[in-house]
Amino acid sequence: MSSDNSDYGLGQVRAQVKRVPNLFLLDTSGSMKKETEDPDGNDRKKIEQLNDGLELFNDEIGNDFEAKEGVDVSVVTFGGGVEVEQDFRPIKEWVEGSGPPKLSASGRTPMSEAITEGLENLKNYKESVDNNNLGRHRALVWLLTDGRPDNTNGDKWDAAQQSIEAFTQNDSIFFWAVGIGEEADTQTLSNLVAGCPDDATDVFNMEPNKFNEFFKLASASATGASKGEGEESASDYSQEYKEE
Amino acid sequence: MGSSNEGTHTGMDVSVEGTTLTVSDKIDSGNEGAIYKIKNTEDEVFKIFNDKKRSDKKRKITAMIANDPNHPAIIWPQAVVKDANTGAFLGYQMKYKDLDTAQNAFEYTMTQLSWDSTEKSHRYTVAKNLAIMVSAIHNEGHAIGDFNHDNILIDNNGQITLIDCDGFHITDGDIEFPDDTYYPRYAPPEGRGGNTISNVKEADRFCLGVHIFQFLMEGFHPYHAKGPNAENGNMEDKLKNNKFPYVDYEGYNPIDSAPSVDDYEKKMTDEIQSLFRRCFTESGKHKATENIATETNRPNPKEWEEALSNFRETGDSPEEGTSGVKVVTPNSGSQDESSGEESEVSIVTPESAGNTKEDAGIDVVTPNSSGANSQEQEDDEDEITPVMPEDDDDENKPMSTENKEDNKN
């Protein structure tokens, strides 16, 4: 979308700081229009809470020098169709610009296609990072859904599974599949990553109003990664939040 | 961030060396505990460990208090803090320093130490001050290990403060209190290298070299390289697999946005370049074995301290880069000092041996250069020895030396 040039904004970054690719695969299907009680006790549409969460992510990253300089963020949504809201760009453009995109909800849940497309984008972006001789951290990929995907078998499902397996098997990504609310189908998410190395993935469920917690976890993980704290498994990052 | 589910200790009475004090507001919290103000006290704060950390830390903190490096900018435990009622260990008291506006060493380097906006003296002084602190810690029998730039804070006057020292490797007589954290960006290929004080000190020497390189090189990492043999991917892989691109290794060059080899040679004194070679060429990068020649050993903090004291503030003018002008300090007095830093490695000769070999024919060494000041510089060090300029093609010498060194490996 916003790729005004083909180098993902990498020509302008400080090369001293390594890149931390952060891919959000976000459910924006019709069910996200439903209201739930937010942490303040007000009924709000889930999609609005999701947008607030992205803002929170942006703010948290903006508070840390290395994360602000190093995180590259991509947002792919699945609601009706698959939309690449943003291909990988330095998050500094959000932090110092107009912030994250405002997402809206509608339609079905083409999760598999979003996964495949998001990871394909990641592959191209990584090549660009390498061509620019920049350091990079293992990518952090966050799948968030409040329901179940359109397909849980068939070609599209298989393609998504195989993509995640390929990226996790060569240590290119950590992949978190997070269900939010009671209707989220965590078993399907577990099936999605069943063929992946255990340490590269983590699947869990969060309470319906925990969008903020999800994005706090994502921002803490991205900040930790940009500092190179050397976590060795996906659950090293998410452990603490799952316990809460 | 972190799980601060520990509850607060604000308002609690504690006992410090027999005196009862009251815990005031929490000002920070981390994975292991939280920092609190002390009621009616401005100059000190408490660190109170989380419950499950206390038994681990109790003896270590006691050992730290008994073996204090006594450096004003190293925030070291000063006294044990106990529960006033039960006498149970809670944490320690330490000096309070307002570091809210300080930046970590990496951020500071990138935002405050660019070559365009700073004097060489400033960069060298910041780097030297870190070396002095590492010296103080090593001399007291400890090592750092977790040489994370988040623990090295620099305020807007350029003053360095070292924090979170209770994660260091501490010794008290024969007893060691190791820690297993390390920070991949700075750690040598062997990591902390094991759990003995000498291993961790050796790792520290490498870490210190990387920090100093970053201070002097606008934050660039010594193994960030491009070229046919250069590694893609994360910094740890680059560190492990790349060769130092500022010497003549085939297939490794500095990346485009980093200082060029020419600029590096212009900005760094020969002495500094020689220490970087000892630290980052293959022989220094890979852990020294027991009997390896001292000249390939990683420089110790004292050597950095001396090398970073010896520079000319001529605004980085081009002629400074000619390796003709250099400072050499082979007066035996200072070397005895440097060998005093470590007893397990005898570092009596690295400087003199290295210099005579590497800089042969470049430097004129006068043991007592009192006349130096009358010449083209006014550094306060009387060890500085200006030397005949050899502007022509100065690059060949370091290079040919380098090749020799490479062939040995």
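The model is predicted, so here is how to read it: local features need pLDDT of at least 70, side-chain atom pairs count only at pLDDT 80 or more, and totals for chains, interfaces and linings use all residues. Residues are numbered from 1 along each chain as its sequence is written, chains are lettered from A and ligands numbered from 1 in the order in which they are written, and side-chain values use heavy atoms, with hydrogens and water left out.

**Where the chains meet**

- On the chain A side, 18 residues are in contact with 28 residues of chain B, where contact means heavy atoms within 4.5 Å.
- About 1900 Å² is buried between chain A and chain B, and carbon and sulfur atoms give 53% of that. Buried area here is the accessible area (1.4 Å probe) that two parts lose on being put together, summed over both.
- In chain A, the residues that lose the most area to chain B are Q16(A), F65(A) and N133(A), together 35% of what that side buries.
- Between the two chains the count is 1 salt bridge, meaning a side-chain nitrogen of Lys or Arg within 4 Å of a carboxyl oxygen of Asp or Glu.
- K227(A) and D150(B) meet through their side chains in a salt bridge, at 3.2 Å from N to O.
- There are also 9 residue pairs in polar contact between chain A and chain B, both residues at pLDDT 80 or more. A polar contact is a pair of N or O atoms within 3.5 Å; within protein, one must be able to donate a hydrogen and the other to accept it, and residues adjacent in sequence count only if both atoms are side-chain atoms.
- The elements giving two or more residues to chain A's side are α2 (65-70) and α8 (234-243) of chain A. Helices (H or I, at least four residues) and strands (E, at least two) are DSSP runs, numbered from the N terminus.
- Sorted by class, that side of chain A has 6 nonpolar, 4 polar and 8 charged residues. Ala, Val, Leu, Ile, Met, Phe, Trp, Tyr, Cys and Pro count as nonpolar, Asp, Glu, Lys and Arg as charged, and the others, Gly among them, as polar.

**Chain B in outline**

- Chain B comes to 12 helices and 13 strands.
- Of its 409 residues, 56% are buried; buried means under 20% relative accessible area, exposed over 50%, and partly exposed in between (1.4 Å probe, protein chains only).
- Among contacts in chain B with a separation of 6 or more, 64% come from residues 24 or more positions apart.

- Helix α2 (residues 105-112) of chain B has 6 of its 8 residues buried, so it is largely enclosed by the rest of the structure.
- Those buried residues are A105(B), F106(B), E107(B), Y108(B), T109(B) and M110(B).
- Their cover includes α2 of chain A, along with β7 (103-104), α3, β8 and α4 of chain B.
- At the start of α2(B), a side-chain oxygen of N104(B) comes within 2.9 Å of the backbone nitrogen of F106(B).
- Helix α7 (residues 270-280) of chain B has 11 of 11 residues buried, so it too is largely enclosed by the rest of the structure.

**H149(B)**

- H149(B) sits in the loop between α3 (120-139) and β8 (152-154) of chain B, and is buried at a relative accessible area of 0%.
- Leaving out residues up to four places away in sequence, H149(B) touches residues including E66(A), N104(B), A105(B) and F106(B).
- The side chains of H149(B) and Y183(B) make a polar contact at 3.5 Å.

**Aromatic rings**

- Over all chains, the structure holds 30 aromatic pairs. Rings of Phe, Tyr and Trp (its six-membered ring) pair if their centres lie within 6.5 Å; planes under 30 degrees apart count as stacked, over 60 as edge-to-face and the rest as tilted.
- F88(A) and Y125(A) form a stacked pair, 4.4 Å centre to centre with 20 degrees between the planes.
- That pair links distant parts of the chain, from F88(A) in strand β5 (residues 81-90) to Y125(A) in helix α4 (residues 111-131) of chain A, 37 residues apart.
- F88(A) is buried at 0% relative accessible area, and Y125(A) is buried at 0%.
- F213(B) and Y264(B) form a tilted pair, with 6.4 Å between centres and 40 degrees between planes.
- One aromatic cluster of chain B includes F213(B), Y264(B), F276(B), F280(B) and W304(B).
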